[in-house]
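Colleague: I am new to this structure. Please take one part and walk me through it closely.

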Amino acid sequence: MARGQLIALSNPISAAREAEFNKWYNEVHIPELVGFDGFESATRYRVSAQGLPEKATPEFRYVAVYEIADMDKAMKAMAAGAANLSHTDASGERGVAALAHVTFQKSN
């Protein structure tokens with residue numbers, strides 16, 4: 001059983017629909033994913049341009065970090081349930097723009 005994190009980067013489709021996007025993400029999408037076997041919790045962040053070079057704009061405005069107790073179980077559950085996940089058209093045209101997972105191993 002490998003612990004890990006799933007990291008998702010995303011954007012709303014427009015500033016006018018940002019509140020709708022955030023409501024769906026926080027109240028629908030995160031509970032759906034955290035409901036899968038192997039998932040424990042999730043935290044979302046709004047990306048800040050602070051510290052970036054002047055006029056630089058982050059490509060993605062939101063980051064969700066999912067804590068996973070059992071990476072194999074979580075990935076299998078997510079793959080099996082992906083067709084049943086809800087979607088919103090308030091999400092950017094690429095939806096969740098990037099998805100990665102990392103696993104942790106105890107160091108000696």
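**A strand and its surroundings**

Modeller: Strand β1 (residues 4-12) pairs with β3 in the antiparallel sense, over 7 bridges. Bear in mind that this is a predicted model. Within that pairing, Leu9 stands opposite Val63 in β3.

Strand β3 covers residues 62-68. Of its 7 residues, 6 are buried. Strand β2 (residues 39-46) also runs antiparallel to β3, and 7 bridges join the two. Here Arg46 stands opposite Tyr62 in β3.

Now look at Asn11. Asn11 sits in strand β1. Its relative accessible area is 17%, under the 20% cut-off, so Asn11 counts as buried. Arg61 is 50 residues away along the chain, yet the C-alpha atoms of Asn11 and Arg61 are separated by 5.6 Å. The side chain of Asn11 meets the backbone there. One of its polar atoms lies 2.6 Å from the backbone nitrogen of Arg61. A polar atom of the Asn11 side chain also lies 2.9 Å from the backbone oxygen of Glu59. Beyond its neighbours within four places in sequence, Asn11 has contacts that include Phe21, Phe60, Tyr62, Ser91 and Gly92.

Next, the nonpolar core. The largest one holds 19 residues, and Tyr25, Leu33, Phe36, Phe39 and Tyr66 touch the most other members. β1, α1 (18-34), β3 and α2 (71-81) each give two or more residues to this core. The largest share, 5 residues, comes from α1. In soluble globular proteins, nonpolar side chains tend to be buried together.

Then the charged pairs. The structure holds 6 salt bridges. One of them joins Asp89 to Arg17, with the closest N and O atoms 2.6 Å apart. Asp89 lies in the loop between α2 and β4 (91-103), and Arg17 in the loop between β1 and α1, so the pair ties together parts 72 residues apart in sequence. Asp89 is exposed, at 55% relative accessible area. Arg17 counts as partly exposed, at 23%. Arg17 and Asp89 also belong to a network of salt bridges with Glu20.

Arg46 returns here. Glu18 forms a salt bridge with Arg46, the closest N and O atoms being 2.4 Å apart. Glu18 is in helix α1 and Arg46 in strand β2, so this pair links distant parts of the chain, 28 residues apart. Glu18 counts as buried, at 15% relative accessibility.

The side chains of Lys23 and Glu27 meet at 2.9 Å, N to O. They are 4 residues apart in helix α1, so about one helical turn separates them.

Methods: Residues numbered from 1 in each chain as written. Predicted model: local features only at pLDDT ≥ 70, side-chain atom pairs only at ≥ 80, totals over all residues. Heavy atoms only, no water. Buried < 20%, exposed > 50% of the residue type's maximum accessible area, 1.4 Å probe, protein only. Pairing = 2+ DSSP bridges. Contact = heavy atoms within 4.5 Å. Polar contact = N/O pair within 3.5 Å; in protein donor to acceptor, adjacent residues only side chain to side chain. Core = buried A, V, L, I, M, F, W, Y, C linked by side-chain atoms within 4.5 Å. Salt bridge = Lys/Arg side-chain N within 4 Å of Asp/Glu carboxyl O.
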